[in-house]
Amino acid sequence: MLAFFNKCIIEHVENCLKDGNMHKNNVDDIVLVGGSTRIPRVQQLLGEFFDWKPLCKSINADEAVAYGAAVLAANLGGSGHLR
């Protein structure tokens, strides 16, 4: 079960990087948001994957998720600029 969990986390991150045409060495900041990012094992896996670059956990995760959802909704709704 733990191996499956590890595989899911790392594959998801690798797919995100691939979709963004990025390499993990080009990532400046790792910002954790959302409930599962509060799980110590997820933090450890991300730390290992990004060669122990510090994980940013200082922002309000719930606020960041809400803001991201609002920006996505605005873009999908055709009013892609926020004031």
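The legends below describe close-up views of a predicted model.

Local features need pLDDT of at least 70 and side-chain atom pairs count only at pLDDT 80 or more, while totals for chains, interfaces and linings use all residues. Residues are numbered from 1 along each chain as its sequence is written, and side-chain values use heavy atoms, with hydrogens and water left out.

**View 1. The aromatic pair of Phe49 and Phe50.** The structure holds 1 aromatic pair (ring centres of Phe, Tyr or the six-membered ring of Trp within 6.5 Å; planes under 30 degrees apart are stacked, over 60 edge-to-face, the rest tilted). Phe49 is buried at 12% relative accessible area, and Phe50 is buried at 9% (buried is under 20%, exposed over 50%, partly exposed in between, with a 1.4 Å probe and protein chains only).

**View 2. Lys24 over the ring of Phe49.** The charged end of Lys24 lies 4.9 Å from the ring centre of Phe49 and sits over that ring (NZ of Lys or CZ of Arg within 6 Å of the centre and within 35 degrees of the ring normal).

View 3. Cys8 is in no disulfide, the nearest cysteine sulfur, that of Cys16, being 13 Å away, and Cys8 is partly exposed at 36% relative accessible area. The sulfur of Cys56 is too far for a bond, because the closest cysteine sulfur, in Cys16, is 17 Å away; Cys56 is partly exposed at 25%.

Conventions. Disulfide = S-S within 2.5 Å.
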